[in-house]
Amino acid sequence: MDIKDIQNLIKFVSKAEVSEVKYKTKDFEITIKTPLAGSEVAYAQPAVYHTAPQQVAAAPAPAATPAAAPAEKAEASSDESKYVTIKSPMIGTFYRKPSPDKDVFVNVGDEVSIGKTVCVIEAMKLFNQIESEVSGKIVKILVDDSSPVEYDQPLFLVDPS
């Protein structure tokens with residue numbers, strides 16, 4: 001088998017959309033694997049399964065309250081546009097207290113200044129104190145105590161005025 005025969009075999013395998021072909025003769029052996037064909041089969045079905053339930057679950061919810069949802073969103077966005085958001089700098093578990101027997105760092109209505117600790121995020125058994133990057137008054141706490149948080153997830157709304 002020469003190089004042109006190998007190239008033709010590779011072209012055939014890619015067009016046939018098979019994941020693996022083995023060719024063996026007395027003097028020669030070749031295995032051609034195409035990861036794309038195998039990965040399409042492996043990943044296409046889970047993607048369909050994940051999107052279908054979300055679409056089915058999401059469809060009835062807006063239909064139940066079509067007029068109320070846009071009005072609430074408009075009010076919330078206009079009110080919250082003047083506030084500054086304190087976001088999570090990491091993935092972990094959000095805690096409002098330094099320990100279970102202590103008081104919370106901040107409550108709604110409390111004044112915060114730059115550098116004041118507003119919460120703790122536990123990540124890999126390390127408790128990281130999160131400090132405010134803005135001075136103002138806490139307007140809203142967006143996360144429940146002991147909840148998991150994602151990177152860049154909003155934690156607090158602060159009125160800087």
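A residue counts as buried when its relative accessible area is under 20%, as calculated with a 1.4 Å probe and with protein chains only.

**View 1. The whole chain of the predicted model.** By that cut-off, 22% of the 161 residues of the protein chain are buried. The protein chain exposes about 11,700 Å², of which 56% is supplied by carbon and sulfur atoms.

View 2. Among the contacts in the protein chain with a separation of 6 or more, 52% are accounted for by residues 24 or more positions apart.

**View 3. Confidence along the protein chain, with residues 37-77.** The mean pLDDT of the protein chain is 75, and 70% of its residues reach 70 or more. Over residues 37-77, however, the pLDDT is below 50, and this stretch has 6 contacts in the model beyond near neighbours in sequence.

**View 4. Ser132 and the residues that it touches.** Ser132 lies in the loop that joins strand E7 (126-131) to strand E8 (136-141). When residues up to four places away in sequence are not counted, Ser132 touches Ile86 and Val112, together with Ser113, Ile114, Gly115, Lys116 and Val118.

Key: Residues numbered from 1 in each chain as written. Predicted model: local features only at pLDDT ≥ 70, side-chain atom pairs only at ≥ 80, totals over all residues. Heavy atoms only, no water. Buried < 20%, exposed > 50% of the residue type's maximum accessible area, 1.4 Å probe, protein only. Contact = heavy atoms within 4.5 Å. Areas by Shrake-Rupley, 256 points an atom, 1.4 Å probe, with all protein chains shown as cover. Helix = DSSP H or I, 4+ residues; strand = E, 2+ residues; numbered from the N terminus. pLDDT = per-residue confidence, 0-100.
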